[in-house]
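Visitor: Please take me through one part of this model in close detail. I would like the charged side chains and how they pair up.

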Amino acid sequence: MPHVLIVDDEPDLAGLLAYNLGRAGFTTILAHTGEEALKHVRTSPPDLVLLDLMLPDMDGADLYRQLRADPATSALPVLVLSARPDAHSRVSGVEVILKPFRVQEVVARVSALLPKR
């Protein structure tokens, strides 16, 4: 099963996404900080990252740039979730879904990027 890393500091939202992605056939792991996300990426590389831009310990855009700068994760698909209307300009070249969103939309976008095996 494709593995999705959900990086969001809102536990309820992250849990809701994990539940719905699980029902759609994906495995998930949650990270609530940028440092947690980096640890998970290094120890158990995901097939896709759902990334919130507003994290408590670092800017999600900085985390995105770190992932792109590392040859091991430079091609890792990232889908940005953000409440910031300027999200598109903060992380160029990545798909952005603005909050509030419909969970079904996120699941559909993940499914389009990573079909179930």
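**The salt-bridge network**

Guide: Asp8 is buried, and so is Lys99. Buried means under 20% relative accessible area, exposed over 50%, and partly exposed in between, with a 1.4 Å probe and protein chains only. This is a predicted model: local features need pLDDT of at least 70, side-chain atom pairs count only at pLDDT 80 or more, and totals for chains, interfaces and linings use all residues. Residues are numbered from 1 along each chain as its sequence is written, and side-chain values use heavy atoms, with hydrogens and water left out.

Asp8 and Lys99 form a salt bridge through their side chains, at 3.0 Å from N to O. A salt bridge here is a side-chain nitrogen of Lys or Arg within 4 Å of a carboxyl oxygen of Asp or Glu. By this rule the count comes to eight salt bridges. The pair of Asp8 and Lys99 links distant parts of the chain, 91 residues apart. Asp8 sits in the loop between S1 and helix H1 (11-23). Lys99 sits in the loop between strand S5 (95-98) and helix H5 (103-113). Helices (H or I, at least four residues) and strands (E, at least two) are DSSP runs, numbered from the N terminus.

Lys99 also meets Glu10 in a salt bridge, at 3.7 Å from N to O. This pair is 89 residues apart, with Glu10 in the loop between S1 and H1. Lys99 counts as buried because its relative accessibility is 16%. Glu10 has 41%, so Glu10 counts as partly exposed.

Asp52 is another partner of Lys99: the closest N and O atoms of that salt bridge are 3.5 Å apart. Asp52 belongs to strand S3, 47 residues from Lys99. Its relative accessible area is 3%, so Asp52 is buried. Together, Asp8, Glu10, Asp52 and Lys99 are linked in a network of salt bridges.

Now the nonpolar surroundings. Val7 is in contact (heavy atoms within 4.5 Å) with Asp52, and also with residues including Ala31, Leu51 and Leu63, leaving aside neighbours within four places in sequence. Val7 is among the residues with the most contacts inside the largest nonpolar core, which has 22 residues. Such a core is a set of buried Ala, Val, Leu, Ile, Met, Phe, Trp, Tyr and Cys residues joined through side-chain atoms within 4.5 Å. S1, H2, strand S3 (48-52), H3 and strand S4 (78-82) each supply at least two residues of this core. H3 gives the most, with four residues.
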